[in-house]
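I opened the model today and kept short notes on what I looked up. The entries follow in the order I made them.

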Amino acid sequence: MKTPMLALTLTLSSLLLTAPSTVSAASIGKTICDPAADSGNGYGSGYYGGHFYSWFELSQNNIKTCDVKIGFYNDAGRHYRAEWNMAKSWGEDAIGGLGWNTGARYRKIGYNVGELTSNSNIQKALVALYGWSCSGSTSQEYYVVDTWKGPGKFVPWDENAGAPAQSKGTVYANNATYDVYLVDRNGAQYCGSGDNRSFKQFWSVRRSPTAKGQNHNIDFGPHVNRWDNSDLGFKANGIGNGYQILAIEVFGDANINHKGAVDLSLWPR
């Protein structure tokens, strides 16, 4: 995902929440389907219920139709949902969620995915702890992918190589093994000017997706400790200069009209 620069000047104090046993039913209090209306670049951010959100959509179609949207429930805590109905396309991409306007190296979260549906028979929807590290003029995008919809092991796509990314080893966290990937990207990015330029993506991908309807944990620290080595070169000192969310990301499918939904809750630990 490529995100232009957006200045974030507000501060947010963390609210400690009790982990829910299930993702509870509630009504949507706010829906975002046209982030570009506010920002002019496809990216929007703000606060709902005192919690930071971001939403980005790269679309080959008219995003004002609200066929791809994220909604925030009016119950307590960080409870949100994304729904999409994308025309046949490989270029559609939407990512967003709730979290924090500044990242933290040792952040610990809990989450519960109550629904994750997709009519695509390949991996086109994922849930990940996501954010940016901004260190000087260096932009770095990161993912800790914990679950996805689709068969097999999730492997990021290396656009420059035109092939699946090659593993850079593993990291063990929360009683699970994650494969580590480093991907070079070109395009708009979050830090600095937001101009099109090269940057790196750092990935930790769980070898098997977590189960729906159950509480799970993500500890960010072990992943940063693995990336922040000479063989990968992650700029850990820039984490606090970028936002950090539990993201829902969905992609278009060139073979079908891609439809689906993700519903989840997030809480700090």
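The notes go from the whole chain to single residues and pairs.

**Entry 1: ground rules.** I am working with a predicted model, in which local features need pLDDT of at least 70, side-chain atom pairs count only at pLDDT 80 or more, and totals for chains, interfaces and linings use all residues. Residues are numbered from 1 along each chain as its sequence is written, and side-chain values use heavy atoms, with hydrogens and water left out.

**Entry 2: the chain.** I looked up the secondary structure and found two helices and 17 strands; helices (H or I, at least four residues) and strands (E, at least two) are DSSP runs numbered from the N terminus. Of the 269 residues, 52% count as buried. Buried means under 20% relative accessible area, exposed over 50%, and partly exposed in between, with a 1.4 Å probe and protein chains only. For contacts (heavy atoms within 4.5 Å), I took residues at least 6 apart in sequence, and 75% of those contacts join residues at least 24 apart. The accessible surface is about 11100 Å², of which 47% belongs to carbon and sulfur atoms; the areas come from the Shrake-Rupley method with a 1.4 Å probe, and for residues only the protein chains shown count as cover.

**Entry 3: Ser 54.** Is Ser 54 buried or exposed? Ser 54 has a relative accessible area of 2%, so I put it down as buried. Ser 54 sits in strand β3 (residues 51–58). Leaving out residues up to four places away in sequence, I list among its contacts Tyr 43, Ile 95, Tyr 243 and Ile 245.

**Entry 4: salt bridges.** How many salt bridges does a search of the whole structure find? I noted eleven, a salt bridge being a side-chain nitrogen of Lys or Arg within 4 Å of a carboxyl oxygen of Asp or Glu.

Arg 81 bridges to Asp 263, with the closest N and O atoms 3.1 Å apart. This pair links distant parts of the chain, with Arg 81 in strand β5 (residues 78–86) and Asp 263 in strand β17 (residues 258–268), 182 residues apart. Arg 81 is buried at 16% relative accessibility, and Asp 263 is buried at 6%. I also see both residues in a network of salt bridges with Lys 69, Glu 83 and Glu 115.

Asp 184 and Lys 200 form another salt bridge, at 2.5 Å from N to O. Asp 184 lies in strand β13 (residues 176–187) and Lys 200 in strand β14 (residues 197–206), so the pair ties together parts 16 residues apart in sequence. Asp 184 is partly exposed at 37%, and Lys 200 is partly exposed at 31%.

Asp 231 and Arg 226 meet at 3.0 Å, N to O, in a salt bridge. Asp 231 is partly exposed at 44%, whereas Arg 226 is buried at 15%.

**Entry 5: aromatic rings.** I counted 19 aromatic pairs. Rings of Phe, Tyr and Trp (its six-membered ring) pair if their centres lie within 6.5 Å; planes under 30 degrees apart are stacked, over 60 edge-to-face, and the rest tilted. Tyr 142 and Phe 234 form an edge-to-face pair, 6.1 Å centre to centre with 85° between the planes. Tyr 142 is in strand β9 (residues 138–149) and Phe 234 in the loop between α2 (221–227) and β16 (244–251), 92 residues apart. Both Tyr 142 and Phe 234 are buried.
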